[in-house]
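Please look over the sequence and the model shown below before reading on. The briefing that follows takes up the topics one by one.

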Amino acid sequence: MKKGLIIIDVQNDYFKGGAMELVGMENAAENCRRLLDNFRAEGLPIFHVQHFSIQDGATFFIPHTNGCEIHERVTPKENEVLIRKNFPSAFRDTGLHDALQKSRVTELVVCGAMSHMCIDTTVRAAFDLGYSCRVISDACATRNLEFEGKMIQASDVHASFMASLQAPFATVMTAEEFLKANG
């Protein structure tokens, strides 16, 4: 199987001072960078995914703003694929599936944000398309959520989504575990 790295929505609005700051984004981005360095060194395909909010009333990832830009830690190089999306799934109305097929990628290594939204929907869509997925848990971040008046901490949101993805949708592992197994 040929591996490809998918870095989802590591954009400025998710960092400190951004319009939608996430819990643990600095650590997640650093682990994304480590994965990116590994894939670049191995000459393996890399796919950057950038969200552009086009819905009325959107408050973050507004096109043509600094917050929408990909964070400097994972800036794409010219030879790396950049996929722009407008929905949580990186596959919906994008060229990601075609780009993966063109590169003959069958195994996806997924990282980025948000664990409960774009990571979840992208991995489930990839599974439905027949891809084998690895989600790098400490290279993903999310935020606190509220449901029925109860605040759910980001760590609990993240753990719940990683647990629900780990079977059958993906193998969930840390960056260190992945790098040791693939280094």
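**Sheet, helices and aromatic rings**

Six strands form an open sheet in the order S3-S2-S1-S4-S5-S8, and their pairing is parallel; helices (H or I, at least four residues) and strands (E, at least two) are DSSP runs numbered from the N terminus, and two strands count as paired if DSSP finds at least two bridges between them. The model is predicted, so local features need pLDDT of at least 70 and side-chain atom pairs count only at pLDDT 80 or more, while totals for chains, interfaces and linings use all residues. Residues are numbered from 1 along each chain as its sequence is written, and side-chain values use heavy atoms, with hydrogens and water left out.

- S5 and S8 pair in the parallel sense over three bridges, and Arg-134 has Thr-171 in S8 as its bridge partner.
- H4 packs on the sheet, where it touches S5 and S8, and its direction makes about 170 degrees with that of S5; contact means heavy atoms within 4.5 Å.
- His-158 is found in helix H4 and, with a relative accessibility of 17%, counts as buried, where buried means under 20% relative accessible area, exposed over 50%, and partly exposed in between (1.4 Å probe, protein chains only).
- Leaving aside neighbours within four places in sequence, His-158 is in contact with Ser-115, Ser-137, Cys-140 and Thr-142.

**Helix H1**

- The 18 residues of helix H1 (residues 25-42) should span 26 Å at 1.5 Å a residue, and the end C-alpha atoms are 25 Å apart, which agrees; the expected span is 1.5 Å times one less than the number of residues.
- Among the buried residues of H1 are Met-25, Cys-32, Leu-35, Leu-36 and Phe-39.
- The buried residues of H1 pack against strand S1 (3-8), strand S2 (46-51), strand S4 (107-113), strand S5 (132-141) and helix H5 (175-182).

**Aromatic rings**

- The structure holds six aromatic pairs; rings of Phe, Tyr and Trp (its six-membered ring) pair if their centres lie within 6.5 Å, and planes under 30 degrees apart count as stacked, over 60 as edge-to-face and the rest as tilted.
- The rings of Tyr-14 and Phe-61 have centres 4.7 Å apart and planes at 65 degrees, so this pair is edge-to-face.
- That pair links distant parts of the chain, 47 residues apart, with Tyr-14 in the loop between S1 and H1 and Phe-61 in the loop between S2 and strand S3 (81-85).
- Both Tyr-14 and Phe-61 are buried.
- Phe-127 and Phe-169 also form an edge-to-face pair, 5.0 Å centre to centre with 80 degrees between the planes.
- Phe-127 is partly exposed at a relative accessible area of 33%, whereas Phe-169, at 17% relative accessibility, counts as buried.
- The charged end of Arg-124 sits over the ring of Phe-169, 4.4 Å from its centre, a term that asks for NZ of Lys or CZ of Arg within 6 Å of the ring centre and within 35 degrees of the ring normal.

Terms used
Axes are lines fitted to C-alpha atoms, for helices over the stretch in contact, and angles run from 0 to 180 degrees between N-to-C directions.
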